[in-house]
Amino acid sequence: MSLKINHSLTGLVREKRPVIHCITNYVTAGDVANTILACGGSPIMADHPEEVSEITALSDCLLLNIGTPGGTTKAAMEKAGREANRRSLPVIFDPVGIGASRYRTETALSLLREVKITVIRGNASELRILLKELTGKNAGSGNDSVSPTRGVDASFSDEIREDTLESLTVATRALSAATGSVTVMTGAIDIASNGEETWLIRNGCPQMSRITGSGCMLDGIIAAYIASTGPAPSQHAIFEAAALATAAAGLCGERAAKKAEQTLSGTGSFRCCFLDEVSLLDEDTLKGGINIEVS
Amino acid sequence: MSLKINHSLTGLVREKRPVIHCITNYVTAGDVANTILACGGSPIMADHPEEVSEITALSDCLLLNIGTPGGTTKAAMEKAGREANRRSLPVIFDPVGIGASRYRTETALSLLREVKITVIRGNASELRILLKELTGKNAGSGNDSVSPTRGVDASFSDEIREDTLESLTVATRALSAATGSVTVMTGAIDIASNGEETWLIRNGCPQMSRITGSGCMLDGIIAAYIASTGPAPSQHAIFEAAALATAAAGLCGERAAKKAEQTLSGTGSFRCCFLDEVSLLDEDTLKGGINIEVS
Amino acid sequence: MSLKINHSLTGLVREKRPVIHCITNYVTAGDVANTILACGGSPIMADHPEEVSEITALSDCLLLNIGTPGGTTKAAMEKAGREANRRSLPVIFDPVGIGASRYRTETALSLLREVKITVIRGNASELRILLKELTGKNAGSGNDSVSPTRGVDASFSDEIREDTLESLTVATRALSAATGSVTVMTGAIDIASNGEETWLIRNGCPQMSRITGSGCMLDGIIAAYIASTGPAPSQHAIFEAAALATAAAGLCGERAAKKAEQTLSGTGSFRCCFLDEVSLLDEDTLKGGINIEVS
């Protein structure tokens, strides 16, 4: 089945310079801001409940990430999320480390009840735990039970490999059906679904899991791409933009890994090269490098 | 009109190693700390109201940045600011994103009422909004009305270009007159004023607006330079140090851009090279490269 | 006196991928996460009192750093620390800037009363202040009185030099005796002691004090190494792992400095190269490069 994809988003982001309101963790906030700038967007970080509604109102997209939830995170995310919903702005949600504590899980579930989410992005452990919490059903990995997360990394049984791909695809699709959101499950292979369509993205490289914030930075690119699809994009256009952004980030990772390897460098240089590649990416490079197939 | 500038500050900072107490945002805190270290200062980040007065008392300069205001930010900044005033320490203030929310605007205005500020640094949108809030007057950009910020970036009509330079110079000077502070408005061209003297700084490069924290890092250099002018520097000496620091940061940006372009790199490498240049800058390089003129 | 050291920890960390729960400052949190990943561990940052116990329970080691104490830091650290003690997990503690404010000092002292600490790591000023607070005794630097910190940096009289080495060794040993913890005092020379054994580590380079977070990143490596020694390591094994981690970080600094100097680069490149070296370090390189002697 052949795929028609609109690669021009790469350039559109740089033209439109969408403002992305980020309520995110303090560990990778700088990396997320730099990634959004590198792909062409304009980030603003603001998380005080007193100001988030106004900030969201000035923005083109809202990005929520529960990586380091604090005392006012839940209130801030819900206020900003409701404002985004009122204005029909896209909302990207990353349930970092869900399942690692009841507090984190409740924060995520409460948010999903209060706010309509456009895209959910996480690793296999995170998204399986979310699915279990929402539906009571286990799915994925060929296991009967959901394994606890290993910190913020996917557990081994939840790695997306050829032998786990089918069951994790089922889980990704089921989460989309349960939430009405586009879901993107990332790992060695990435899976994107809008409940009806499901695509596999075979870009990326192992080095991405050896730096912190690969997922958070991808969230930023997804936000910028989706904010540039409007106005009033179809569910398919959102799904396509999320998948394209995921492939773009993976491709930038591949290109960065090649450069870092040429100079026999490690993860410090890789991290620097990744941002380079995001800032240099153009439509032709993207077209020639992405590897997306229909599941 | 010829300018006599004391370039030796570059070396003085490395000799004196001034301690800079930073109450700043969590997005670029690490970048600010690294920049202060690179130019020769010693940063300490501390923002809990229970400890800020003591920390300020041990420091040579206070740097306040409202990039991500939290519940205790206002109290902490006002306590630290009053302690700095009591000890006649310089206070640098960056009203990041003022106007993006009423909460941020009130935080900035309250601070200006409670604390005597030595230097205010911001982009054209931020400083015009501040001027409007303080005086009720619009100035700059040839527009009648102050345009809302685009996130934390200056809006297009507020970019400092040849055609907006005159009116934005008027605004910078007016803000200095209204506050009694040295004001530094940064953009493609930078404008520094102490109300009586106004200088234009034509250093810098477009890449600086494609990484997060260019402004915050400049704040750190301004703080370190001013902290090294004492004891009891004149208003002109403070103004000169702020302008020189702005030119120095711009020059480091130019040199970093050249290096990054030579290797066909993007914003990740530029960011790394910028810090390199700040750490390598010496008096001769500064003397030969800065481009300051009297307005 | 010849030293028998188990260099295989370098590889063991990569094999075991220990999860390190970090309650740390927002300035260097990203650097600490990247360093832990680079040496083979898996970091999770979480500091809300509502979730820290559960996060610690899922982890292999707890890392506490009071670099930017907030309103809930003390409660979170004590809760997490008690959970770690209950499970016999190692606890690494970095009293950043202790003495710079009463609030910071009280936070550190309260933590030491409530939680059994495995390793304390700090510069000479920090550890001397801690010793003074705990025992009422001055020790180290040949001075009679403990000098106040210069921000978060050691004061000049507290630099570890050949002429201060003996008295600072006495202080390091005394702090270990007073706390029952392994203590690591870092500077131009590093001193590690478990009260009975004391080792000097002559790795490292001056550039490490020109980037922020060198100490915090070392804490992360110590945590990962100690978390890989178990189960139920002896006091000597813990001491050895802490000393080896300190030497490893110093060696990575030396190698990074060499690379940065070859390209005439500054602190930005050094920072990037340091992370590279941590990610590339193997047993043979470590064996050939570390410089540890018995005091």
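The legends below walk through several close-up views of a predicted model.

**View 1. Helix H1 of chain C and its buried residues.**
Let us start with H1(C), which covers residues 9–16. Which residues of this helix are buried? They are Leu9(C), Thr10(C) and Val13(C). Looking down the axis of H1(C), the buried residues fall within an arc of 115°, so they line one face of the helix. An α-helix has 3.6 residues a turn, so residues three or four places apart point the same way. The cover over the buried residues of H1(C) includes helix H2 (29–39), helix H8 (214–227), helix H9 (235–262) and helix H11 (283–289) of chain C.

Arg17(A) has a phi near 45°, a positive value in a residue other than glycine. Its place is the loop between H1 and strand S1 (19–23) of chain A. Is Arg17(A) buried or partly exposed? Arg17(A) is partly exposed, with a relative accessible area of 32%. In chain B, Arg17(B) also has a positive phi, of about 45°, although it is not a glycine. Arg17(B) sits in the loop between helix H1 (9–16) and strand S1 (19–23) of chain B, and it is partly exposed, with a relative accessible area of 32%.

**View 2. Thr28(C), a buried loop residue.**
Thr28(C) belongs to the loop between strand S1 (19–23) and H2 of chain C. With a relative accessible area of 2%, Thr28(C) is buried. What does Thr28(C) contact, leaving aside its neighbours within four places in sequence? The partners are Thr212(C), Gly213(C) and Cys216(C).

**View 3. The interface of chain A and chain B.**
Here 32 residues of chain A are in contact with 28 residues of chain B. Together the two chains bury about 2400 Å², with 51% of it on carbon and sulfur atoms. Which side chains meet in the one salt bridge between chain A and chain B? They are those of Glu51(A) and Arg104(B), at 2.8 Å, N to O. On the side of chain A that touches chain B, two or more residues come from each of helix H1 (9–16), helix H2 (29–39), strand S2 (42–45), helix H3 (52–57) and helix H10 (267–280) of chain A. H2(A) gives the most, with six residues. By class, this side of chain A has 16 nonpolar, seven polar and nine charged residues.

**View 4. The interface of chain C and chain B.**
This contact takes 28 residues from chain C and 32 residues from chain B. The buried area is about 2400 Å², of which carbon and sulfur atoms give 51%. One salt bridge is found across this interface: Glu51(B) pairs with Arg104(C), and the closest N and O atoms are 2.8 Å apart. Polar contacts link twelve residue pairs here. Helix H5 (102–114) and helix H10 (267–280) of chain C each supply at least two residues of the side of chain C that touches chain B. The largest share of that side, five residues, comes from H10(C). Its make-up by class is nine nonpolar, 13 polar and six charged residues.

**View 5. Salt bridges within the chains.**
Over all chains the count comes to 48 salt bridges. In one of them, the side chains of Arg271(B) and Asp31(B) meet at 2.8 Å, N to O. This pair links distant parts of the chain, 240 residues apart, with Arg271(B) in helix H10 and Asp31(B) in helix H2 of chain B. Arg271(B) is buried, with a relative accessible area of 18%, and Asp31(B) is buried at 11%.

Asp219(B) forms a salt bridge with Arg121(B), the closest N and O atoms being 2.8 Å apart. Asp219(B) lies in helix H8 and Arg121(B) in strand S5 of chain B, so the pair ties together parts 98 residues apart in sequence. Both Asp219(B) and Arg121(B) are buried.

Methods
Residues are numbered from 1 along each chain as its sequence is written. Chains are lettered from A and ligands numbered from 1 in the order in which they are written. This is a predicted model: local features need pLDDT of at least 70, side-chain atom pairs count only at pLDDT 80 or more; totals for chains, interfaces and linings use all residues. Side-chain values use heavy atoms; hydrogens and water are left out. Buried means under 20% relative accessible area, exposed over 50%, partly exposed in between (1.4 Å probe, protein chains only). Helices (H or I, at least four residues) and strands (E, at least two) are DSSP runs, numbered from the N terminus. The arc is that of the directions from the helix axis to the C-beta atoms. Contact means heavy atoms within 4.5 Å. Buried area is the accessible area (1.4 Å probe) that two parts lose on being put together, summed over both. A salt bridge is a side-chain nitrogen of Lys or Arg within 4 Å of a carboxyl oxygen of Asp or Glu. Ala, Val, Leu, Ile, Met, Phe, Trp, Tyr, Cys and Pro count as nonpolar, Asp, Glu, Lys and Arg as charged, and the others, Gly among them, as polar. A polar contact is a pair of N or O atoms within 3.5 Å; within protein, one must be able to donate a hydrogen and the other to accept it, and residues adjacent in sequence count only if both atoms are side-chain atoms.
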